[in-house]
Amino acid sequence: MDLARVRRLAGVLVASQLRSGRSTSDPRSVFGRPGFLAAVDGALFLLAFGAGLLVVDAVRSPGAPAGGAAALTPVVASVLPFLPLVGVGVVLVAGMMFELTTTAKFSGSDAANWLPLSPTEYVAASTAAVAFTYSPAVALSLGALLPLAVVVGASGSYLLAALLSLIALVEGGLLIEMVRSVTQRAGSIAVGRGGRVTLVVRAVVLLIVILTLQLAFNPVIAYGFLERLRGAALITDSVPFFWGTEALLELQAGAVALAAAFVAAQVAFLALLLELAAQLRVRYWVPTSSEIRLAGVEYGRGHPGLAVLGLSPVEAAVTSKDLRGLVRRREMLPTLVVPFVLIVLLFVEGGTIGVFGAVLWLAWVAGFSALLLSSTAVGQERRALQTLLALPLGPADLYRAKATAVLLPTTLVSAVMGAAVGLLFHLTWPALVGLVALAVTIAVVLSLWGLVFAGRYSDFQDRPRPQFVRPAAMLAATGSGMVILMGIAVPGALALFDTFGVPWLFAGVAVGFGGAVGVAAAHFGRTGFDRLFRELPF
Amino acid sequence: MAALPSGGPSGAPSPALEVVDVSKSYGTVRALQGVRFSVGAGEIVGLLGPNGAGKSTTMKAILGLLRPDAGSIRLFGAEVGTNPVATKRQIGYVPESPSLYEFLTGTEYLDFIADMYGLDRATRRERIGQFLTGLELAGHEDALISGYSQGMRQKVALIAALAHRPRLLILDEPLNGLDPRSARVTKDLLRNLASRDGVAILFSTHVLEIAQAICDRVVILDHGTVLASGTFESLRARAGLAGSGLEEVFLALTGSGDLGDVVAALER
């Protein structure tokens, strides 16, 4: 393996991702260079290190609770072994969302297939790029733990944890590469021909893969799992991803030889993963173009279901197209997976947060899912927006069509989730109906709010990790969305459980606030769509 | 105001398309500067120019996708933007790189387009069916577009532009990726649409033989300005290249005529 070539290609892959943003497309911009990401890692490490120092100072101060720095020992002892799991978990959880859903154009790596590179070199470079992209999370945790580990005398464990975290980061990247190869195959599941069933199978396979890995490596679930397995060494010993954690636990217990054995096993596992990933890449070097045929589609059948909702034929055509895309497009799958993951988490951890917490959680799932889907409603058109805007439809038509395509799934899913949570917590029928109404209201308001950002700040660029909305706008949408969400959910929940004996007052506040925001969002969303028609935004 | 370079064969009183002194900048880059030409009904006008000359920008401005900084664009006598939806109903457009919805089948995509133009079921079946057969796409229409080759995508984009019988066709490199038979069918079809149905066609291509074969006039853009426009014969006379082909005329007018040194250097 030519390491210089690997490093060069990894640099290009990272740069291509960094420069795909509008503000970083200038090759001279420092934000478009891989070194920028290294600087971010460094800055986050130092920031977290500073925060760690503050904690150390606080526990050492005269007014601190008894125990002083010694109180940190059990904290460090329990957190350090968890670090390698952070590495692999972050790459897998984020990677499943953003790496696996790229279109074949990018994941097929046709741009590199013709280069004189071995499969191992390509896999190593691509893995390094993925690991590097998600490294800030590891830099943050390592920075925060350094002063704590030094002060409790666990420097040796810390260094080993840092090494194992980096190995875990790369292992996560390799897993992503492997799943990418396999799902590339799933993307063309029936080589040659397939039909409607193939389309459904493909979507379900990808959903299950993403959902399973999201849940398996979700920090909340993984930590709980690890806590439950303390003492069940046989089980953790058999799972390679826990070997790093095992090594650190053995080192803490003074079993240096055993710790070394686990580290060696972890390194061997890394080599094995690299070989497996390379073999899979050889097998799926060139993605097989699939031919999926959907026979029985006739011209001019119209969209009677959507016409009932009052949509014109033009609007119904756009809505219908979007709904098809939602279930057929690989890059839209994360949007579908998010509510599933969050609601499963609620069912796993529901017992610990209580019914009030569960209602707020449900509100968050309903609102966040609606916001995600609606804010991406325009950007997911990508370059086809040019085709759409050249067709005889106006801004109002497009707005109504997009709003319907978002509101139909989000209100339906929110209602079902609301009913499920109501049944899980054995709510009375009136409370259950109220909960469903609350979830649907939040979904509607946040859907309209997301469309405000969709019309103004969509990202239409073809990029390896599609984001559909400019990053800063996504942050703004999420932040403001959460404020709106709480402004409806908290009084709504207080009304639902009659906490202060004035349920109608709280219900009025929730409805009034939600209604005002909804009306304002509809207005600004509509004017945002006007801007789209004034000038092609790319 | 100086007369627009026009003079289509039909001699229609009001051109289908009038581009009058249009300018457009992207930041500090001046993409178009005082661009001026027209296309009459039944006329095929070739929009030629080197890469980055402003051809696609001009076409997008005509469609109302870009707003010019100065100048005006009139379609069938009405300013672009006055009634954009009604105007777009009369236009068929093939972009330079057609971005189709890959998650739809050919049938679903064309049905979607037909919905947008309000075509009835019988018309869809008849016209789309004819185009599918003529362009040898029949039998592939039920497959997802994601599995189509570049040429097949181009054919779908062409059918989508033609199915509703537009009065003006804006075609940005429409023959890209087409096999020789389909390219020939398309060229003949465009000629017929112009001469028989009076469709005005603005046609951009880098293949100068095609432009020479089917265009009544050409407009040559370079660095965002109209370098020359007129019939092939008038351009040949202007370049002082009697008896030459459009390629020599084009290279002479765009100032890249003597390429011998370049080729020699590349061969070294």
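Reader: Which unit do strand 7, helix 6 and strand 8 of chain B make?
Author: In this predicted model, strand 7, helix 6 (residues 180–197) and strand 8 of chain B make a right-handed β-α-β unit.

Reader: How many bridges join strand 7 to strand 8 of chain B?
Author: Strand 7 (residues 168–172) and strand 8 of chain B run parallel and are joined by five bridges. Within strand 8 of chain B, B:L202 stands opposite B:I170.

Reader: And how does strand 3 of chain B pair with strand 8 of chain B, parallel or antiparallel?
Author: The pairing of strand 3 (residues 44–48) with strand 8 of chain B is parallel, over four bridges. There, B:S204 is the bridge partner of B:L47.

Reader: Which residues of strand 8 of chain B are buried on each side?
Author: On one side these are B:A200, B:L202 and B:S204, and on the other B:I201 and B:F203. Five of the five residues of strand 8 (residues 200–204) of chain B are buried.

Reader: Turning to the open sheet of chain B, what is the strand order?
Author: The order is 2-1-4-5, with antiparallel pairing among the four strands. Strand 2 (29–39) and strand 5 (78–79) of chain B each have a single partner strand, so one side of each is left without a neighbour in the sheet.

Reader: What packs on that sheet?
Author: Helix 1 (residues 55–63) of chain B does, touching strand 1, strand 2 and strand 4 of chain B. The direction of helix 1 makes about 65° with that of strand 2 of chain B.

Key. Residues numbered from 1 in each chain as written. Chains lettered and ligands numbered in written order. Predicted model: local features only at pLDDT ≥ 70, side-chain atom pairs only at ≥ 80, totals over all residues. Heavy atoms only, no water. Buried < 20%, exposed > 50% of the residue type's maximum accessible area, 1.4 Å probe, protein only. Helix = DSSP H or I, 4+ residues; strand = E, 2+ residues; numbered from the N terminus. Pairing = 2+ DSSP bridges. Right-handed = clockwise from strand over helix to strand, strands pointing away. Contact = heavy atoms within 4.5 Å. Axes fitted to C-alpha atoms, helices over the stretch in contact; angles between N-to-C directions.
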